[in-house]
Amino acid sequence: MKEQIVAVQRMQEYIEEHLSEEITLGDLAEVSLFSPWYSYRLFQNYLGLTPTEYIRKLRLSRSAVELKKGGMKVIDVATDLGFGSVDGFQRAFFREFGCNPKEYARTKLPIPLFIPYGVKFRELRKEVLDMENMQSVFVQLMRKPGRKVVVKRGVKAKDYFDYCAEVGCDVWGLLMSMDSLCGEPVCLWLPEQYRKPDTSTYVQGVEVAPEDDFPVPEGFDVIDLPEAEYLVFQGEPFREEDYCQAIMAVQHSMDQYDPAIIGYEWDDENPRIQLEPRGDRGYIEMRAVKGGKDHE
């Protein structure tokens, strides 16, 4: 991997670890092992933002997450994340999201959170994967209730990378700001009956209870999904840089698995579901099944 990419990744990791502190270009240059001028240029070239813009967006999005949880005052959130004053924080929050912090905390309006992605992952995706040393994959059965899913459709996307190219990766930030029935956004591969003409198989969205009264962001659709049983495939925890290998391990196991051994068959009338690949819990995908003893 290019040393420039590694340098930018080190700067991203430093910002993450010191987000509530003052961060100078000198600090970033020290961890990047390049001059301040060259570090600045590398950061902007690879991430499309200056370090100052990146830090501001990240702090504001983290503040929104804390406000969404409830229990914290605006002044405490502003102080904890290194803003110099409450007034300055409120103005920056409004410029970024179009609403003030108190309004967001009260109504939980969908807002486009900034989700930073490690620059090194773009290069790791291109590397050849070793499929011979597969990790263990845990499989369990679960029932998902009837629910609605607020989704943003693509055009032709069949996976995450195609979807980001068509729709943009910023959609995930908006979804993260919304309350979810399962506690987080989901990615779905939609069966034909849930697709609209000239739209993608792969979409991203948020599951909500059927009775919930929720704002639907502009350009999003709402899909009604029935109660269904799913097999949940979960891999071992992984290092973030090994995310491609972790995904391949789970998908390979899913492809090889025969649900008939537990009295089920695949149910392709319901969407396949992908959760965000997070190293601390392992990669998770879900595929619907039908049958079972209670349905015979």
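Reader: Which residue in β6 is the bridge partner of Val-139?

Author: This is a predicted model, where local features need pLDDT of at least 70, side-chain atom pairs count only at pLDDT 80 or more, and totals for chains, interfaces and linings use all residues. Residues are numbered from 1 along each chain as its sequence is written, and side-chain values use heavy atoms, with hydrogens and water left out. Strand β1 (residues 137–144) and β6 run antiparallel, joined by eight bridges (strands are DSSP E runs of at least two residues, numbered from the N terminus; two of them pair if DSSP finds at least two bridges between them). Across that pairing, the β6 partner of Val-139 is Phe-233.

Reader: Is Asn-270 buried or exposed?

Author: Asn-270 sits in the loop between β7 (264–266) and β8 (272–274). Beyond its neighbours within four places in sequence, Asn-270 is in contact (heavy atoms within 4.5 Å) with residues including Tyr-230 and Ala-288. Buried means under 20% relative accessible area, exposed over 50% and partly exposed in between, using a 1.4 Å probe and protein chains only. Its relative accessibility is 9%, so Asn-270 counts as buried.

Reader: How many of the eight residues of β6 are buried?

Author: Strand β6 covers residues 228–235 and is mostly covered. The buried count is seven.

Definitions and conventions. Helix = DSSP H or I, 4+ residues; strand = E, 2+ residues; numbered from the N terminus.
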